Amino acid sequence: MEHLHYRFMGGRTMRATRPCIVGVVASGNLEVLIEPAALQGACTVDIDTAANGFGVVWEAVVADFFSRHPLADVRISINDNGATPAVVALRLDQAVVEFAAAAPTGPTA
Amino acid sequence: MRGSYYEATARERIYGIVDAASFRELMPPAERIVSPHLQALGLPVAFDDGVVVGRAAIERREVLIAAQEGGFMGGAVGEVHGAKIVGLLRRAMRERLPVVLLVESGGVRLQEANAGLIAVSEVMRAILAARSAGIAVVAAIGGQYGCFGGMGIAVSCCNAIVMSEEGRLGLSGPEVIETAHGVEEFDSRDRALVWRTVGGKHRYLIGDCMTIVDDDMVAFRESLAASIDASGPLTLETVEAEHAKLSRRLERFGDAADGEDIWRSLGWPDPAGVPLTDTDVFLTQARLLRAA
């Protein structure tokens, strides 16, 4: 297992009020937990991955994600079981869509 | 929400089955109550440890509900995973609410060794304790990974099981039997044989599940609601009746080598055609013939 941590500044705060989770820690898949957090305007991404030695790829995928979705005061946590970069990027986008739609009490499917 | 139960994740199943906006998760992923055993072994964890638990309503009946995620370690029961289900069942006894278990599991999570074994046995004990206290516990099986091992025993302790044809229920799974007894005994790659042995239609015909439904969220919801309403108490008489049923089954079908032999002996007109029969046509015929 490898733990990776990234922190980005300069994003915009979203109005979402509650955590959302997308994906499943199945083989070749991952789960993304996205939560509002008081991080002085930062967006953090914490990754626990079963595939060691892919830090450079993760950094590229996560930086690319932040350029698409510059978020602030958001904590993203990932449990990865060997997902490919394309799957990771899609899951991150899915997490933002769910998070943006998250009303205070409504369901997320 | 109409849609496939088989294809859905545990969370999607809950949202597909319960009344709109009624689900409130207990111990949600943001609490990060993950498996300490998997962490110690350097294996990936899941923020919900592979089981989603909470309260909801099913056709306006207040229920407590759990859904196992087959994609995460085959839905295997670890210490935290099991404790979440046990806690839900104990809450059901306190709050006098029925429990719905959307089961999808290969059984004990072997990586957690004794802690996993104890967890799954605690689930069984909690189901029986809840039923003894008059709480209805009903289960659904219709996912890709089926229901095997300790969870196969646990669901058999429930008031009722609702299955789809795609669902599978057994104790040792097909690959386990093949590994232990050889491919001559059971060829786990023969999918038709697997479904004739542990699939939903066979389980219905032999009397192991209460009903069989199409692979559809609404069909599962309606059938689970009906199962809750039909649930009776667990008494010495019901246990004795179950034992008598199992004795009759062994006597009647003990020599059968294949599901098809059993269907023939039940009097099904075209045993080879059972797997190809649509659910509604199947049910009309099967209600008359099934082993009670």
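Two strands count as paired when DSSP finds at least two bridges between them. Strand 2 (residues 51-58) and strand 3 of chain B meet that condition, with eight bridges joining them in an antiparallel arrangement. The model is predicted.

**The sheet of chain B**

Seven strands of chain B form an open sheet in the order 1-2-3-4-5-6-7, with mixed pairing. Strand 1 (24-26) and strand 7 (211-213) of chain B stand at the edges. Each has a single partner strand, so one side of each lacks a neighbour in the sheet. On average, neighbouring strands of this sheet are turned by 25° against each other, direction ignored.

Strands of a sheet pair through backbone hydrogen bonds, either parallel or antiparallel. The table lists pairs from this sheet.

| Strands (chain B) | Sense | Bridges |
|---|---|---|
| Strand 2 and strand 3 | antiparallel | eight |
| Strand 3 and strand 4 | parallel | four |
| Strand 5 and strand 6 | parallel | four |
| Strand 6 and strand 7 | parallel | three |

Strand 3 (residues 61-68) of chain B is largely enclosed by the rest of the structure, because six of its eight residues are buried. Strand 2 and strand 3 of chain B form a hairpin with two residues between them. In that turn, B:E59 has a positive phi of about 45°.

On the strand 4 side, B:A66 stands opposite B:L101 of strand 4 in chain B.

Strand 6 (160-164) of chain B has five of its five residues buried, so it is largely enclosed by the rest of the structure. In a regular strand the side chains alternate between the two faces of the sheet. In strand 6 of chain B, B:A160, B:V162 and B:S164 point one way. B:I161 and B:M163 point the other way.

Bridge partners can be named on each side. B:V138 is paired with B:A160 of strand 6 in chain B. B:S164 is paired with B:V213 of strand 7 in chain B. Strand 5, helix 5 (residues 150-156) and strand 6 of chain B make a right-handed β-α-β unit.

Helix 9 (residues 217-230) of chain B lies across strand 2, strand 3, strand 4, strand 5, strand 6 and strand 7 of that chain. Helix 9 runs at about 165° to strand 6 of chain B.

**Helix 11 of chain B**

Which residues of helix 11 (residues 259-266) of chain B are buried? They are B:G259, B:I262 and B:W263. Seen down the helix axis, these buried residues fall within an arc of 100°, so they line one face of helix 11. An α-helix has 3.6 residues a turn, so residues three or four places apart point the same way. The cover over the buried residues of helix 11 includes helix 7 (191-198), helix 8 (200-205) and helix 10 (236-253) of chain B. B:G267 follows helix 11 of chain B and has a positive phi, near 95°.

**Where the chains meet**

In the contact between the chains, 18 residues of chain A touch 16 residues of chain B. Strand 4 (30-36) and strand 7 (74-80) of chain A each supply at least two residues of the chain A side. Strand 4 of chain A gives the largest share, three residues. The chain A side divides into 10 nonpolar, four polar and four charged residues.

A:M1 lies in the segment before strand 1 (2-8) of chain A. A:M1 is partly exposed, with 16 other C-beta atoms within 10 Å. Beyond its neighbours within four places in sequence, A:M1 is in contact with A:D48, A:T49, A:A50 and B:G42. A:M1 and A:D48 are 47 residues apart along the chain, yet their C-alpha atoms are separated by 6.7 Å.

Most residues other than glycine have a negative phi, and most peptide bonds are trans. A:Q40 has a positive phi of about 50°. A:Q40 sits in the loop between strand 4 and strand 5 (43-49) of chain A. Phi of B:D49 is also positive, near 50°. B:D49 lies in the loop between helix 2 (36-40) and strand 2 of chain B.

B:D49 counts as buried, with 27 C-beta neighbours inside 10 Å.

Key
Residues are numbered from 1 along each chain as its sequence is written. Chains are lettered from A and ligands numbered from 1 in the order in which they are written. This is a predicted model: local features need pLDDT of at least 70, side-chain atom pairs count only at pLDDT 80 or more; totals for chains, interfaces and linings use all residues. A residue is buried if 20 or more other C-beta atoms lie within 10 Å of its own, exposed if 12 or fewer, and partly exposed in between; C-beta atoms are placed from the backbone. The arc is that of the directions from the helix axis to the C-beta atoms. Two residues are in contact if their C-beta atoms, placed from the backbone, lie within 7 Å. Ala, Val, Leu, Ile, Met, Phe, Trp, Tyr, Cys and Pro count as nonpolar, Asp, Glu, Lys and Arg as charged, and the others, Gly among them, as polar. Axes are lines fitted to C-alpha atoms, for helices over the stretch in contact, and angles run from 0 to 180 degrees between N-to-C directions. A crossover is right-handed if, with the strands pointing away from the viewer, the path from the first strand over the helix to the second runs clockwise.
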